[in-house]
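Here is a briefing on a predicted model. Keep the sequence and the structure side by side as you read.

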Amino acid sequence: MALLQISEPGKSLAPHQRRIAVGIDLGTTNSLVAIVKDALPKVLPDSKGRELLPSVVRYLPNGQTQAGFEALESVVSDPKNTIVSVKRFMGRGIVDVDHIENAPYDFVDEPGMLKLRTVAGDKSPIEVSAEILARLRQLAEDSVNDEIVGAVITVPAYFDDAQRQATKDAAKLAGIEVLRLLNEPTAAAIAYGLDNATEGIYAVYDLGGGTFDISILRMSRGVFEVLSTGGDSALGGDDFDHRLYCWVIEQAKLPPLSLQDHRKLLLSCTHAKEQLSHNPLARVHETLTDGTVVNVGISQAQFFEITQNLVAKTLVAVKKALRDASLKPEEVKGVVMVGGATRMPHVQRAVGDLFGSKPLNNLNPDQVVALGAAMQADLLAGNQSKDDEWLLLDVIPLSLGVETMGGLVEKIIPRNTPIPVARAQDFTTFKDGQTALAIQVVQGERELAQYCRSLGRFELRGIPPMAAGAARIRVTFQVDADGLLSVSAMEQGSGVQASIDIKPSYGLTDAEITRMLQDGFASAKVDLLARSLREEQVNARRLLDAVQTALNSDQSLLSDQERVAVEQEMKILKEVLNEETESAILRKAVDHAAKATDEFAQRRMNASIQKALAGKSVAEI
Amino acid sequence: MANLSASDDYFRFFGLDQQFQIDLSALDRAYLAVQREVHPDRHARGSDSEKRIAMQMAILSNTALQTLKNPITRGLYLCKLHGVDARLETNTAMPTAFLMKQMDWRESLDEHAEDLSSLEVLVEEVNQSKQETLTEVIQAIDGAKNYERAAELLRGLLFIDKFAIELDDAISALL
């Protein structure tokens, strides 16, 4: 397999056939969008040539929003309405965010996820993130001058289900079709591995603005297999800034500062931190609003000392991940450094010392995640020839469990299990005639539910009334390739398989998304009806394409009669697609046609597995 | 040759012989060959049915891999295929000698929780005991086809394994 050459010029699809899909790194501090062009991944610059979009959104009194550099200018003057590092709040309630008192915003506590009170109303972190995503989408569309079929959006590997769901909801709100949520270190491994034709066990150390991830991967012959992952979804470069800020306050003996001064001094500290990556000395020099001059010098050595505990915290996670993979540091062939914060020399040194090798950083640590995401997006969009396709096998980062009697956790899916995965668990009723049951789903490693992250209560309703303990309700927990959980339940004890309604307490419903869109989601003024019709048309075309491809290659799996029936279904769907303007009717037609091709899809899948295993045995002989 | 109509037999699913001793690298190769076909990334542009089926098959192959990779779950699975239920939740009866040994180990762990070299000696002992039991499982399943006996041994192995994890935790707390 040619790893170096991503696609051979002669074999790539004709331009009009290429489907453009982008990779998006939605970062705590900065966000990027990249695409694969002429077989190479490339970050797309804005009209002024800037590749990083600051992840900052400002809400104005008239409901308008600013994002990126424009919003960044108001960070000091309008702190309450200018939201930075919103990623820290994704899928989080107020109690979940450490040091929330340091953030200058007015928070509104809501079940599941907090909101931010701005001059334009209460905004969920999902809405704020959607503003950033919408800008990136616009940037990409302007830059390629074409429609984007979808995006791969990266998330920290250590993001839990609520954080992932929130990210996907934000994309939906921004009108982006998510091809896959991809773990950031895995994305980096793709960019790195394919570029360097890497083989063996590698670690990816990813210290971003607000999150830390460590992933251990086995790379071999075009397969990226994640063996274990760990990290801290609330530890990043921001914390180094904040540590320096506290130190400066102490040194200069400053009283508590106003919001403006806080932001001002913090920016100064960020700047000093960056200086210290290249210079032995730096100076925090700032004039506060009341005229006070802050002027504090700091040496590299002093900075390393006051932030050493943060570095140590990352190393604990690294050791844990190694242990989970049953590996010793010396068995790791190389460590890839990702994220702007890995530019700090003491981080590089500490990681190098632990693994006994010089960390690899020949790709720009700010870009490598977006580049990998773009490559995966290109693959998912179907632009790679089959021989060049690589395979990514990822894992669930945190154990999934249910709360049992006494607040204990019973683990259902242990961490580092390859995804997609499903496990079933039987529950029963404890009262005669009980028709409902609540299951508390938690994610985390602790034995007590209160120390794990609650993913919410799933309510099971519609259980047939029976004597206590007679009902057998089989609950299936399924985690898809995006790392997202879905729960389904069946009553089996009575012999009648009653399907049971389940309602999760988090994640946005379609109705909520619609409401948010109507509530002046500023950068996406869209006609909702037109949007839903368009979505159905895309679905219909995708089905027609998929079935046509299937018929071209695997017609032999169908009898003549079956083939005619499938062709007939497709003909009907084509007609509905061409004429129908009502999205609900089109959806019905798509569902009907899809059902008619189920059996064909199943036969093709079985045939392909048979062929793959047969090929393997032949190769072995 | 793989037989997919029998997706309830993970060995046949991967084209492997139904026995306790398996070639783990052959399992790994078969798993990757299947994943290359069924992983949802391979069907990102497929119809919804295709996506759903791909996901089901990917889940099945992950479950099959997890079951067969670990010797204890592999053994219990073989017992189940041969109609022997290990009744892990209800049957906790163990031979006295086995229980005595477990108690000795636990005492040893409590006494030497701070002493790395003693714990490492204990690790050796536990590993050896695990290996011996596994050898017995091989004989019981692949040799005598005595699944009742195998289930009993595997129940014991679960205890040993649990203790090995606690021991490992104690050691890593010292590192």
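Chain A is assigned domain 1 (15-196 + 364-387), domain 2 (237-305), domain 3 (400-513) and domain 4 (527-620). Domain bounds come from an automatic or database domain assignment. The C-alpha centres of domain 2 of chain A and domain 4 of chain A are 60 Å apart.

Residues are numbered from 1 along each chain as its sequence is written, and chains are lettered from A and ligands numbered from 1 in the order in which they are written. The model is predicted, local features need pLDDT of at least 70, side-chain atom pairs count only at pLDDT 80 or more, and totals for chains, interfaces and linings use all residues.

**Chain A: sheet S6-S5-S7**

- Three strands of chain A form an open sheet in the order S6-S5-S7, with antiparallel pairing.
- Strands are DSSP runs of E, at least two residues long, and helices are runs of H or I, at least four residues long; both are numbered from the N terminus.
- Two strands pair if DSSP finds at least two bridges between them.
- The edge strands of chain A here are S6 (65-67) and S7 (82-84), each pairing on one side only.
- From one strand to the next, the twist averages 20°.
- Strand S5 (residues 56-59) of chain A pairs with S6(A) in the antiparallel sense over 3 bridges.
- Within that pair, Val57(A) stands opposite Ala67(A) in S6(A).
- Helix H2 (residues 125-144) of chain A packs on the sheet and touches S5, S6 and S7 of chain A.
- The direction of this helix makes about 65° with that of S6(A).
- Axes are lines fitted to C-alpha atoms, for helices over the stretch in contact, and angles run from 0 to 180 degrees between N-to-C directions.
- Residues are in contact if their C-beta atoms, placed from the backbone, lie within 7 Å.

**Chain A: sheet S8-S9-S10**

- Another open sheet of 3 strands in chain A has the order S8-S9-S10, and its pairing is antiparallel.
- Strand S8 (106-108) and strand S10 (121-123) of chain A are the edges, and each pairs on one side only.
- The twist averages 40° from one strand to the next.
- S8(A) and strand S9 (residues 115-118) of chain A run antiparallel, paired over 3 bridges.
- Phe107(A) stands opposite Leu116(A) in S9(A).

**Chain A: strand S20 and its partners**

- Strand S20 (residues 400-403) of chain A pairs with strand S21 (residues 409-413) of chain A in the antiparallel sense, over 4 bridges.
- Glu403(A) stands opposite Val409(A) in S21(A).
- The hairpin of S20(A) and S21(A) has 5 residues between the strands, and Gly406(A) takes a positive phi near 80° there.
- S20(A) is also joined by 3 bridges to strand S23 (residues 436-443) of chain A, again antiparallel.
- Gly401(A) stands opposite Val442(A) in S23(A).

**Chain B: overall build**

- Chain B has 7 helices and 0 strands.
- Its domain assignment gives domain 1 (10-69) and domain 2 (96-174).
- The C-alpha centres of domain 1 of chain B and domain 2 of chain B lie 31 Å apart.
- The C-alpha trace of chain B spans about 60 × 40 × 30 Å along its principal axes.
- Chain B has a radius of gyration of 20 Å, while a compact globule of 175 residues would have one near 16 Å.
- The radius is taken over C-alpha atoms, and the globule rule is 2.2 Å times the number of residues to the power 0.38.

**Chain B: helices H2 and H3**

- The axes of H2(B) and H3(B) come within 9 Å and cross at roughly 170°.
- That angle makes H2(B) roughly antiparallel to H3(B), because angles over 145 degrees count as roughly antiparallel, under 35 as roughly parallel, 65 to 115 as roughly perpendicular and the rest as oblique.
- H2(B) contributes Leu27(B), Tyr31(B), Val34(B), Gln35(B) and Val38(B) to the contact.
- From H3(B), the contributors include Ala54(B), Met57(B), Leu65(B) and Lys69(B).
- By class, this contact has 9 nonpolar, 2 polar and 1 charged residues.
- Ala, Val, Leu, Ile, Met, Phe, Trp, Tyr, Cys and Pro count as nonpolar, Asp, Glu, Lys and Arg as charged, and the others, Gly among them, as polar.

**Where the chains meet**

- The contact takes 35 residues from chain A and 32 residues from chain B.
- On the chain B side, helix H2 (24-38) and helix H3 (48-69) of chain B are the elements that give two or more residues.
- H3(B) supplies the largest share of that side, 11 residues.
- The chain B side divides into 16 nonpolar, 9 polar and 7 charged residues.

Key:
Two residues are in contact if their C-beta atoms, placed from the backbone, lie within 7 Å.
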